[in-house]
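Me: Could you help me learn to read a protein model? I would like to go through it feature by feature.

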Amino acid sequence: MAQFKCKYCKEKDDADNLVLEEIEGRRKKDHRDGKWKKGDTFYQKVRFHQSCRDRTLRETKEWEICYETVKEIHGLTTIPDFFVIMLQRVRNGNTTIGMKNSEGKRYKEGYEYPIITECYERKRDLIQWKMKQWDGGDLQFMQFVMKYYIDDIINQVAREYEIKKEKEKKMKQVNEDFDFELSKPSKERKKTDDDMDISNFL
Ligand SMILES: [Zn+2]
């Protein structure tokens, strides 16, 4: 079977395992030999795992919430690029963030954005109290917060997040089992109704 690359994870897989989508694009330049002109429409086929797309969309949303939360707590209109990269590195596990972070394994895996967001929320009052006394620059303050306040609780928050996710997974499983149990008797019931209808005819 023909194999194609997933747009998101870049792994090759059988066509059957991938969703196929045709996307519309516009030519950015005239073709050298006149095959198309700038602005012409063209169609491109893309393939991806549904789970990869779902994960990417979820992560984009989680990043937006994280960005807005950090920005708002620090009272900024935008987060400096340097610190945006810092947040992304914490997410991807490409950095150690502070003094206390000795759990090497965990930081290599990174911290999902909801974990980072939750840390900022929990330290909101402390950050805003400290900000009033701070006489350095914004960026230095953001680094200070990350190094001392966020690092202080991030492993604890990460553990709680994992437990919560595990619970939700189990709940989902229970609900699926429950749905399955329900679907059987409802069919049985319908059959009985049909029988009754027939008997009414007789
Ligand atoms: Zn994929």
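**Reading the model step by step**

Reply: Leaving aside residues up to four places away in sequence, W36 touches R27 and H31; two residues are in contact if their C-beta atoms, placed from the backbone, lie within 7 Å. Residues are numbered from 1 along each chain as its sequence is written. This is a predicted model, where local features need pLDDT of at least 70, side-chain atom pairs count only at pLDDT 80 or more, and totals for chains, interfaces and linings use all residues.

Me: What is the mean pLDDT of the protein?

Reply: pLDDT is the predictor's confidence in each residue, from 0 to 100. Here the mean is 86, and 82% of the residues reach 70 or more.

Me: Is W36 buried, exposed or partly exposed?

Reply: A residue is buried if 20 or more other C-beta atoms lie within 10 Å of its own, exposed if 12 or fewer, and partly exposed in between, with C-beta atoms placed from the backbone. W36 is partly exposed because 14 other C-beta atoms lie within 10 Å. K10 counts as exposed, since it has 8 C-beta neighbours inside 10 Å.

Me: Where is K10 found, and what is its phi?

Reply: Most residues other than glycine have a negative phi. K10 is not a glycine, yet its phi is positive, near 65°. K10 sits in the loop between β1 (3-5) and β2 (12-14); strands (E, at least two residues) are DSSP runs, numbered from the N terminus.

How values were computed
Helices (H or I, at least four residues) and strands (E, at least two) are DSSP runs, numbered from the N terminus.
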